[in-house]
Amino acid sequence: FVTRHLTHRIHTQFEQLRTRHYLLGETFTGPEGHNTIRYYLGGFGLDGQFDFPLMWSLRRAFAWEQGPLWDLADTWRASEEAWRGSSAVMANMVGNHDVTRFISEASDPSVSGRDPWTAPPPSPEAPKTFDKLLLAQSFVLTVPGAPVLYYGDEFGMPGGRDPDNRRPMRFGEELNQQEGRTLAALSRIARARRCSDALRKGRMIFLREHAERLAYVRDVGDGAPAVILLQRKPSPSNFKLSLPPEV
């Protein structure tokens, strides 16, 4: 009730000059929180919420490398079904201020059980750890919704439990080589999204769902679809992707 009352007040008092506000909610849940999040969406509710079930699925798929990648596709479909009819634009992310940093989970999953005051995680050095972050963020930046980058997650800021996940931001020459490489790669993907109608507004169709490989297409019907392939582990085999007839 309070959320709907607030939404009504904002629409009636602050949108008189044809300025439409995007009202985004944060209802923290675990992996099975679709119903709790959905409650606050709809015609008289919020315009979107953070998709925490998807965030946990991204961590399982890429940070911890647990389960096949088709589990991530299944989570995406479950989210789409949960929000159906709400007209919501959901916010996708790999982490926020309530959880340990993605890069630290990718380096050492035990980080969530350590005292952030006495055993803060260091900056990882292994390139594979940053590749995990790049894969997860690539998904965030290429699927429908509003991509959200918690500060530092664009290059791999380490951090344990709160308050260690709120370290001071670093810029420019303060980044190490791996962090700089990750930032440059994600910047290119973000620019591609900005320049592509398909990546911003296109419908999403999964093309291939394997244990270590996930492919999908975004399409708005303008003859310029975007095809995305995420591969968790190197594979020497070649394969072909066929676009559906309607693309």
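Helix α4 (residues 70–83) contributes four residues to the lining of the largest pocket, the most of any element. Helices are DSSP runs of H or I with at least four residues, strands are runs of E with at least two, and both are numbered from the N terminus. The structure is a predicted model, in which local features need pLDDT of at least 70 and side-chain atom pairs count only at pLDDT 80 or more, while totals for chains, interfaces and linings use all residues. Residues are numbered from 1 along each chain as its sequence is written, and side-chain values use heavy atoms, with hydrogens and water left out.

The volume of the largest pocket is about 300 Å³. Its lining comprises 15 residues, of which Glu80, Trp83, Ala88, Met90 and Pro144 are the closest to the centre. By class, the lining divides into six nonpolar, six polar and three charged residues. Here Ala, Val, Leu, Ile, Met, Phe, Trp, Tyr, Cys and Pro count as nonpolar, Asp, Glu, Lys and Arg as charged, and the others, Gly among them, as polar. Lining residues have an atom within 4 Å of a point. Grid points are joined across faces, edges and corners, and the volume is the space filled by probe spheres set on the points.

The search of the whole structure finds 13 salt bridges, each defined as a side-chain nitrogen of Lys or Arg within 4 Å of a carboxyl oxygen of Asp or Glu. In one of them, arginine 84 pairs with glutamate 81, with 3.0 Å between the closest N and O atoms. Arginine 84 is exposed, at a relative accessible area of 56%, and glutamate 81 is partly exposed at 48%. Exposure classes are buried (under 20% relative accessible area), exposed (over 50%) and partly exposed (in between), with a 1.4 Å probe and protein chains only.

Aspartate 197 takes part in two of the pairs described here. Its closest N and O atoms are 2.5 Å apart in the salt bridge with arginine 200 and 4.0 Å apart in the one with lysine 201. Aspartate 197 and arginine 200 are separated by about one helical turn, because they lie three residues apart in helix α8 (residues 197–201). Lysine 201 is four residues from aspartate 197 in helix α8, also about one turn of the helix. Relative accessibility is 32% for aspartate 197, which counts as partly exposed, and 34% for arginine 200, likewise partly exposed; lysine 201, at 59%, counts as exposed. Elsewhere, salt bridges with shared partners join Asp74, Arg77 and Glu209 into one network.

Tyr22, Leu24 and Val89 make a nonpolar surface patch of about 240 Å². Patches are made of residues with over 30% relative accessible area and no salt bridge, like charges being joined within 9 Å and nonpolar side chains (Val, Leu, Ile, Met, Phe, Trp, Tyr) within 5 Å. Accessible areas come from the Shrake-Rupley method with a 1.4 Å probe, and for residues only the protein chains shown count as cover. Tyrosine 22 is located in the loop between α1 (2–14) and β1 (24–25) and is partly exposed, with 40% relative accessibility.

Backbone geometry was also examined. Most residues other than glycine have a negative phi, and most peptide bonds are trans. The peptide bond from aspartate 162 to proline 163 is cis, with omega near 15°; proline 163 is placed in the loop between β4 (146–147) and α7 (177–195). Glutamate 65, not a glycine, has a positive phi of about 50°. This residue lies in the loop between α3 (52–63) and α4 and is partly exposed, at 24%. Serine 87, also not a glycine, has a positive phi of about 60°; its place is the loop between α4 and β3 (91–92), and at 70% relative accessibility serine 87 counts as exposed.

Serine 86 is placed in the loop between α4 and β3 but is buried, at 5% relative accessibility. Between serine 86 and threonine 27 the C-alpha to C-alpha distance is 16 Å, with 59 residues separating them in sequence.

Technical notes. On a 1 Å grid over the protein atoms alone, a cavity is a set of points where a 1.4 Å probe fits but cannot get out, and a pocket is an open set with protein on both sides within 12 Å along at least five of seven lines; lining residues have an atom within 4 Å of a point.
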